[in-house]
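Please open the structure in a viewer and keep the selection tool at hand.

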Amino acid sequence: MEAIAFFNFHLMPHIAIISASVRRGRNSHRVALFFKKFIGENNLGSAEILDLNEYQFPVFNERLRFEPNPSEKVLDFAGRIRAADGVIIVTPEYNGGYPAALKNVVDLFYYVFFLKFIAIATVSDGVFGGTQVITSIQFSLWKIRAWTVPAMFPVPSAPTAFDEEGNPADKAGIEKRARNFVNELLWCIEAVNRMK
Ligand SMILES: Cc1cc2nc3c(=O)[nH]c(=O)nc-3n(C[C@H](O)[C@H](O)[C@H](O)COP(=O)(O)O)c2cc1C
């Protein structure tokens, strides 16, 4: 089988993967699991999943910088985003938008994402792969001055496209798309590091 070609990056970046669905029986977490494995197995860097279902942040009531006693969980999440060279957000599409749990994070941590490269993977159980959610999440990320990577990774028919461990049914096809998607994120990370 053809080896996956990547740009010759100099860095081994650390990627934080935000898994944005907190729904019981969620499918998009499978895609987050896939990216973690994909980055590790292809030696592209290190990756960790920040699972919003584990963090269970309460409904937003103030931004982190104005919070006198932020919880350990809040500080943990902020520290992991700060330490990451880039971020992948895996989000489902809910009624044409992104989930409340993700909006919570955008508002709570807004300055933590400042100048952070973010690539967005969208997920649905239908045929459109959650592509309609991209405009709302990109707009919000632009407002908080994150740098969104233009590459898209729409996942249609998520329950059959990936198993519960994040293994794709069409391994070759998914990995080809993932390569282009991750390449673009890594290119941005390397470009900014060369400027430093
Ligand atoms: C509240 C809600 C709204 C949804 N709205 C949409 C939608 O607008 N477009 C779409 O393609 N799928 C929609 N779906 C289906 C999701 O694509 C589906 O749940 C998919 O598995 C991704 O979300 P999950 O990670 O929570 O499973 C919706 C699902 C829920 C629970």
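A polar contact, as the term is used on this tour, is a pair of N or O atoms within 3.5 Å. The model on display is a predicted one.

**First stop: the ligand**

Select the ligand together with the residues around it. The shell comprises 13 residues, and those that come nearest are Arg 23, Asn 27, Ser 28, Tyr 94 and Asn 95. By class, the shell is made up of three nonpolar, six polar and four charged residues.

Next, display the distances from the ligand to individual residues. A nitrogen atom of the ligand lies 2.7 Å from a polar backbone atom of Asn 95. For Arg 23 the side chain is the part to show: one of its N or O atoms is 2.7 Å from an oxygen atom of the ligand. At Gly 96, attention returns to the backbone, where a polar atom is 3.0 Å from an oxygen atom of the ligand. The ligand taken alone exposes 600 Å², of which the protein buries 74%.

**Second stop: Asn 27**

Asn 27 belongs to the loop between strand E1 (14-19) and H1. Is Asn 27 buried or exposed? Its relative accessible area is 15%, and Asn 27 is therefore buried. Beyond residues up to four places away in sequence, Asn 27 touches Ala 158 and Pro 159.

Move to strand E2, where Asp 51 is located. Asp 51 is buried, at a relative accessible area of 6%. Its side chain reaches the backbone nitrogen of Asn 53 at 2.9 Å. If residues up to four places away in sequence are set aside, Asp 51 touches Ser 19, Arg 26 and His 29.

The loop between helix H1 (28-41) and strand E2 (46-51) holds Asn 43. Although Asn 43 is not a glycine, its phi is positive, at about 55 degrees. Asn 43 is exposed, with a relative accessible area of 56%.

Select Glu 93 in the loop between E3 and H4. The residue is partly exposed, and its relative accessible area is 22%. Which residues does Glu 93 contact, leaving aside its neighbours within four places in sequence? They are Val 123, Gly 130, Thr 131, Gln 132 and Val 133. At Gln 132, the backbone nitrogen lies 3.1 Å from a polar atom of the Glu 93 side chain.

Select residues 134-143, which form helix H5. Colour Ile 134, Ile 137, Ser 140 and Leu 141, the buried residues of this helix. Why do these residues share one side of H5? They cover an arc of only 145 degrees around the axis, which places them on the same side of the helix. As a general rule, an α-helix has 3.6 residues a turn, so residues three or four places apart point the same way.

Turn the view to the face directed away from the buried side of H5, where the exposed residues Thr 135, Trp 142 and Lys 143 are found. The cover over the buried residues of H5 includes strand E3 (86-92), helix H4 (100-108), strand E4 (117-123) and strand E5 (147-155). After H5 comes Arg 145, with a positive phi near 65 degrees.

Continue to H4, which is part of what covers the buried residues of H5. The buried residues of H4 are Ala 101, Leu 102, Asn 104, Val 105, Val 106 and Leu 108. They pack against E1, helix H2 (52-55), helix H3 (72-83), E3 and H5.

From Leu 108, proceed to Glu 62: the two are 46 residues apart in sequence and 6.5 Å apart in space, C-alpha to C-alpha. Glu 62 is situated in the loop between H2 and H3. It is partly exposed, with a relative accessible area of 26%. Its side chain makes a polar contact of 2.8 Å with the side chain of Arg 63.

**Last stop: Ser 157**

Finally, select Ser 157 in the loop between E5 and helix H6 (158-161). Ser 157 is not a glycine, yet its phi is positive, at about 50 degrees. With a relative accessible area of 28%, Ser 157 is partly exposed.

How values were computed: Residues numbered from 1 in each chain as written. Predicted model: local features only at pLDDT ≥ 70, side-chain atom pairs only at ≥ 80, totals over all residues. Heavy atoms only, no water. Near = heavy atom within 4 Å. Polar contact = N/O pair within 3.5 Å; in protein donor to acceptor, adjacent residues only side chain to side chain. Areas by Shrake-Rupley, 256 points an atom, 1.4 Å probe, with all protein chains shown as cover. Nonpolar A, V, L, I, M, F, W, Y, C, P; charged D, E, K, R; others polar. Buried < 20%, exposed > 50% of the residue type's maximum accessible area, 1.4 Å probe, protein only. Helix = DSSP H or I, 4+ residues; strand = E, 2+ residues; numbered from the N terminus. Arc of directions from axis to C-beta. Contact = heavy atoms within 4.5 Å.
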